[in-house]
Amino acid sequence: MSGDRNGGTERVGIDELLERVRAGFDRIGPHEAAAAAADGALLVDIRYAALRDRDGLIPGALVVERNELEWRLDPHGSHRAPEADSHDLQVVVVCNEGYASSLAVASLRQLGLHRATDLIGGFQAWRAAGLPVDA
């Protein structure tokens, strides 16, 4: 017995995991996200309700709680959102500060959403850039 208690998997800290995940796709800034949305990309806000209530919403963004994201965006899923109609859909995931969204993108890419990315700095960067927010 080797004493390996983690099933032989490599142990990685969250900072290294984020670095690895982010190396697999190009993240975008607030103005790029706004332009992508204007061109038909789906902005998906995964922030929890208290943050949305406190800070507001990006107009036109689809709100999907993080724990429902994969079910709502899988084009072949039985619980998909109507907007999630193709693996070719460009998706921009928005969390509060741009951390959880990167991990969410990794999961969406595993589902075949190859154009999924996230917003650098999250909702806070969007708001700081002076982009529209609904109260």
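Arg-127 and Asp-55 form a salt bridge, with 3.4 Å between the closest N and O atoms; the term denotes a side-chain nitrogen of Lys or Arg within 4 Å of a carboxyl oxygen of Asp or Glu. Arg-127 belongs to helix α6 (residues 122-128) and Asp-55 to helix α3 (residues 49-55), so this pair ties together parts that are 72 residues apart in sequence. Helices here are DSSP runs of H or I with at least four residues, numbered from the N terminus.

A word on the basis of these values. The model is predicted, so local features need pLDDT of at least 70 and side-chain atom pairs count only at pLDDT 80 or more, while totals for chains, interfaces and linings use all residues. Residues are numbered from 1 along each chain as its sequence is written, and side-chain values use heavy atoms, with hydrogens and water left out.

Asp-55 also meets the side chain of Arg-54 in a salt bridge, at 2.8 Å from N to O. How accessible are the residues concerned? Buried means under 20% relative accessible area, exposed over 50%, and partly exposed in between, with a 1.4 Å probe and protein chains only. Asp-55 is buried at 9%, Arg-54 is exposed at 56%, and Arg-127 is partly exposed at 35%.

I turn to another pair. Arg-66 and Glu-70 form a salt bridge whose closest N and O atoms are 2.9 Å apart. Arg-66 is partly exposed, with a relative accessibility of 29%, whereas Glu-70, at 15%, is buried.

Finally, salt bridges link Glu-10, Glu-16 and Arg-20 in a network. The count of salt bridges by this rule is eight.

Technical notes:
Helix = DSSP H or I, 4+ residues; strand = E, 2+ residues; numbered from the N terminus.
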